[in-house]
Each structure stands twice: as C-alpha cells, then as structure tokens.
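Please read it with the structure open beside you.

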Amino acid sequence: MTKVAASILSADFANLHKDCTRLLEAGADVMHFDVMDGHFVPNISYGAPVLTCLHAALPDVFYDVHLMISDPARYAADFAKAGADLITFHLEAVPDTVEEVIAAIRATGCQVGISIRPGTPVEAVFPYLGVVDLILVMSVEPGFGGQKFLPTTPTRIAAIRAERTRLGCNTLIEVDGGINTVTGPQCIEAGVDWLVAGNSLFRAEDPAAVVRVLHSK
Ligand code: DX5
Ligand code: ZN
C-alpha cells in the first residue's frame, strides 16, 4: 500500500503538535520534515531543535527528514539525535561526495534517501537503487510549499520504477510537491510508494478524505 507523508512545512507552527495530531488521526503514515538552509534553496525553514520538540511530543511517529541544504553530512547526526528515522539529501548538493554522505547518514543509524530536482535526469539515481532506502523525486523546484505539480513527474517515476524492477531491489520511491487528489493518483499509477502532501492535507476540511485517495494497494 502507498504511504502518505504529511509535509509539516504547511502546518501552523504555533499549533504544530495539534496540526500533526489531526493529520495522524486522518491517516497520515509519516511526518515529512523539510529543512532549508537559504543556500541550496532560496528559503529558510527550521532545523533540528524543532524536530527534537516534535519528536518529544509525538515519539511514535516516523520522521522523514528532507534536507534541502548544501552540506548534509555535517548535520546528519544532529537530525538523527533529534529523532529522524530517514534522512534524505539532494544529489545536486554533493555531486562529488555522494558515497561519503550516504556513509555519514548510515553511521547515525538512520535510513538514507537521495532526492533529485525536476531538472536532474532520473538516470543519475540509478546507481543508488539497491544502495539507499528511498529515492525522492521532486515534482516542483524545492524551496517552497504550495507549488504546481510538474506534469513530467509521472514519466520520471515510471522510469525509476522500471529500473528498480530490472534490478530486483526494494528501494522506495517517494514524490514531493503539488500532490493532491488529482496528481497523487497519477503518481500512484506510475509506481510511486510514498506521497508527500503539504497544502492539500493541512488546508483540507476533511484530510481523511484526501488520505483515502492517496492510499492505494
Ligand atoms: C518543497 C518541499 C515539499 C513541500 C510540499 O520544497 O520539499 O515537501 O512542503 O508542499 P506541497 O504539497 O504544498 O507542494
Ligand atoms: Zn520535502
């Protein structure tokens, strides 16, 4: 079954615990924690201290940390200590030291993910299928919530899914950006495993109805 990762970036930060609890009750499986450094992406979000507090308030949740930062290896241990279960970094941030970053995250005990921006050829992640736990396909330019889904995304997901099948490995495929009840099913059809949803979930009157559409067999 597909999993739904609720992107905390769309929460009301003054009511973070309450907003996350509401989405967990609506059926969200995972909390997606977007970290932006104002350097790799032109925006700044929040860091490990916020995760520490959220993890203390909701300790049983799986925390899917998406690092949109220039030096992910440097901060991996901080996020692991704060409660991350999986740490994803961007291939474009560290093109020459991918193996080292994977090793640095593995050393913390967390699962490892690699993300690619919409303009990066999908073939760039093929060498890491079977090596990392998850590939995160961005369906918008990283940096902001509430953007429009890029229609090239399902084809990109399908290409990674086909390569995974060819290799016979079980690296998960996640999609992030502009996911809603229309675009989510297109990604499910293409073979995605996890769907990140921010605005479409946090702003929904009935988030459980959105989760139901994003959950599939
Ligand atoms: C964008 C972030 C996303 C974003 C998704 O850079 O990585 O996780 O919060 O938000 P929506 O679903 O609103 O596009
Ligand atoms: Zn994200």
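1. **Zinc spacing.** Along the chain, the donors of the zinc ion (ligand 2) are spaced as H-x1-D-x31-H-x109-D. Two of the residues bring distant parts of the chain together: His32 sits in strand β2 (residues 30–36) and Asp176 in strand β7 (residues 172–176). They are 144 residues apart. Bear in mind throughout that this is a predicted model.

2. **Zinc donors and geometry.** Which protein atoms hold the zinc ion (ligand 2)? They are His32 (NE2), Asp34 (OD), His66 (ND1) and Asp176 (OD). Their distances from the ion run from 2.0 to 2.3 Å. The site has six donor atoms and is octahedral, with angles of 70 to 171° among them.

3. Are His32 and Asp176 buried or exposed? His32 has a relative accessible area of 0%, so it is buried. Asp176 comes out at 8%, and therefore counts as buried. The cut-off behind both calls is under 20% relative accessible area.

4. **Ligand 1 and its surroundings.** Ligand 1 has 20 residues around it. The closest are Asp34, Gly143, Asp176, Gly178 and Gly198.

5. The side chain of Asp176 has an N or O atom 2.7 Å from an oxygen atom of ligand 1. Gly143 uses its backbone: an N or O atom there lies 2.7 Å from a ligand 1 oxygen. The side chain of His66 places an N or O atom 3.2 Å from an oxygen atom of the ligand. Taken alone, ligand 1 exposes 380 Å², and the protein buries 99% of that.

6. **Gln147.** This residue is in the loop between β6 (134–138) and α5 (153–167). Its relative accessibility is 29%, so Gln147 counts as partly exposed. Beyond its neighbours up to four places away in sequence, Gln147 touches Val140, Glu141 and Gly178. Gly178 is 31 residues away in sequence, yet the C-alpha atoms of the pair are 5.5 Å apart. The Gln147 side chain reaches the backbone oxygen of Phe144 at 3.0 Å.

7. **Phe89.** Look next at strand β4 (residues 86–90), where Phe89 lies. Phe89 has 0% relative accessibility and so counts as buried. With residues up to four places away in sequence left out, its contacts include Leu67, Pro72, Val94, Val98, Val101, Ile102 and Ile105. Val112, Gly113, Ile114 and Ser115 are also among them. Phe89 and Val101 are 12 residues apart in sequence, with 8.3 Å between their C-alpha atoms.

8. **Thr2.** Where does Thr2 sit? It is in the segment before β1 (3–7). Thr2 is at 5% relative accessibility, so it counts as buried. Its side chain has two polar contacts to check. A polar atom of that side chain lies 2.7 Å from the backbone oxygen of Leu214. The side chain of Thr2 also reaches the backbone nitrogen of Ser216, at 2.7 Å. Beyond residues up to four places away in sequence, Thr2 touches Asp29, Ile188, Val192, Asp193, Leu195, Leu214, His215 and Ser216.

9. **His215.** This residue is in the segment after α8 (207–214). Is His215 buried or exposed? At 18% relative accessibility, it counts as buried, because the cut-off is under 20%. With neighbours within four places in sequence set aside, His215 is in contact with Met1, Thr2, Lys3, Val4, Gly27 and Asp29. Asp29 is also on the contact list of Thr2.

10. **Ala197.** Strand β8 (residues 194–197) contains Ala197. Its relative accessible area is 1%, so Ala197 is buried. Not counting residues up to four places away in sequence, Ala197 touches Ala5, Ala6, Ser7, Ile179 and Leu214. Leu214 is the residue whose backbone oxygen lies 2.7 Å from a polar side-chain atom of Thr2. Ala197 and Val210 are 13 residues apart in sequence and 9.5 Å apart in space, C-alpha to C-alpha.

Methods
Residues are numbered from 1 along each chain as its sequence is written. Chains are lettered from A and ligands numbered from 1 in the order in which they are written. This is a predicted model: local features need pLDDT of at least 70, side-chain atom pairs count only at pLDDT 80 or more; totals for chains, interfaces and linings use all residues. Side-chain values use heavy atoms; hydrogens and water are left out. Helices (H or I, at least four residues) and strands (E, at least two) are DSSP runs, numbered from the N terminus. Buried means under 20% relative accessible area, exposed over 50%, partly exposed in between (1.4 Å probe, protein chains only). A polar contact is a pair of N or O atoms within 3.5 Å; within protein, one must be able to donate a hydrogen and the other to accept it, and residues adjacent in sequence count only if both atoms are side-chain atoms. Contact means heavy atoms within 4.5 Å. Donors are N, O and S atoms within 2.8 Å of the metal (3.2 Å for Na, K and Ca); water is not among the atoms, so sites may look incomplete. Four donors count as tetrahedral if all angles lie between 85 and 135 degrees; four count as square planar and six as octahedral if opposite donors are over 155 degrees apart and all others between 65 and 115; anything else is irregular. A residue is near a molecule or strand if one of its heavy atoms lies within 4 Å of it. Accessible areas come from the Shrake-Rupley method with a 1.4 Å probe; for residues, only the protein chains shown count as cover.
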